[in-house]
Amino acid sequence: MSIPVDPADLATALADFDSGYLLSTSSPRVKVVTVDPVLDDGSLRITAPGRGTLANLATNPAVTLVFWPRERHGYTLLVDGTAQVSGEDVVVAPEAAVLHRPAAHADGPVAGDGCGHDCAPLGS
C-alpha cells in the first residue's frame, strides 16, 4: 500500500525508529546497507552509503528504506523514494511511506488511527 508522504508525518514516524536499511538495485541482486538518514527539508540525507549503492543509483534511482520495529510485532516503516547522489552522500525524495506488519503479528501494539492491525498509512 502506497500513501503520499506528508513530511511532518514522516518526521514523527522516524522518531520511533533507529537505524534503517537502504535497498537499491541495478541488476537482479538488491544491495542492502545500514543507514542513519537525517530528514532535511522533506528529504532524507544518507551519509556515505558506499560505492556499490552509488553505482546502483547511477543506473536506477528508485530506492526503498526499511526501518525495523523496536518492539516485538510492532510496525515496520517502509519509505519508497527517488535518490540523487550528492558527492559521497545520497539524498532521497520520499514518494510513499507506510507503517506495515503482517496480520500474524496482530498481537503487537495497535495503531491509533483506526487502520487496524495490518497497516498505519502516513500522509493523507
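Student: Where is Ala 58 found?
Tutor: In this predicted model, Ala 58 belongs to helix α2, which covers residues 51-59.

Student: Is Ala 58 buried or exposed?
Tutor: Ala 58 is exposed, because its relative accessible area of 70% is over the 50% cut-off.

Student: What separates the C-alpha atoms of Ala 58 and Thr 25?
Tutor: A distance of 10.0 Å separates these two C-alpha atoms, and Ala 58 and Thr 25 are 33 residues apart along the chain.

Student: Let us step back. How many helices and strands are in the chain?
Tutor: The chain has two helices and eight strands. Their order along the sequence is α-β-β-β-β-α-β-β-β-β.

Student: Where is confidence lowest, and where is it highest?
Tutor: Strand β8, residues 119-121, has the lowest confidence, with a mean of 59. Strand β1, residues 20-25, has the highest, at 98. For the chain, the mean pLDDT is 84, and 80% of the residues reach 70 or more.

Student: Now Thr 76. Which strand does it lie in?
Tutor: Thr 76 lies in strand β6, which spans residues 76-86.

Student: Is Thr 76 buried or exposed?
Tutor: Thr 76 is buried, since its relative accessible area is 13% and the cut-off for buried is under 20%.

Student: Which residues does Thr 76 touch?
Tutor: Leaving aside residues up to four places away in sequence, Thr 76 touches Phe 17, Val 66, Phe 67, Trp 68, Pro 69, Val 98, Leu 99 and His 100.

Student: On to the rings. How many aromatic pairs does a search of the whole structure find?
Tutor: The search finds one aromatic pair. It is formed by Phe 17 and Phe 67, whose ring centres are 6.2 Å apart; their planes meet at 55°, so the pair is tilted.

Student: Which parts does that pair tie together?
Tutor: Phe 17 is in the loop between α1 (7-14) and β1, while Phe 67 is in strand β5 (residues 62-67), so the pair links parts that are 50 residues apart in sequence. Both Phe 17 and Phe 67 are buried, and Thr 76 touches both Phe 17 and Phe 67.

Student: What sits over the ring of Tyr 75?
Tutor: The charged end of Arg 101 does, at 4.2 Å from the centre of the ring.

Student: Finally, what share of the chain's residues is buried?
Tutor: Buried residues account for 36% of the 124 residues. The chain exposes about 6900 Å², with carbon and sulfur atoms supplying 52% of that area.

Conventions:
Residues are numbered from 1 along each chain as its sequence is written. This is a predicted model: local features need pLDDT of at least 70, side-chain atom pairs count only at pLDDT 80 or more; totals for chains, interfaces and linings use all residues. Side-chain values use heavy atoms; hydrogens and water are left out. Helices (H or I, at least four residues) and strands (E, at least two) are DSSP runs, numbered from the N terminus. Buried means under 20% relative accessible area, exposed over 50%, partly exposed in between (1.4 Å probe, protein chains only). Contact means heavy atoms within 4.5 Å. Accessible areas come from the Shrake-Rupley method with a 1.4 Å probe; for residues, only the protein chains shown count as cover. pLDDT is the predictor's confidence in each residue, from 0 to 100. Rings of Phe, Tyr and Trp (its six-membered ring) pair if their centres lie within 6.5 Å; planes under 30 degrees apart count as stacked, over 60 as edge-to-face and the rest as tilted. A charge sits over a ring if NZ of Lys or CZ of Arg is within 6 Å of the ring centre and within 35 degrees of the ring normal.
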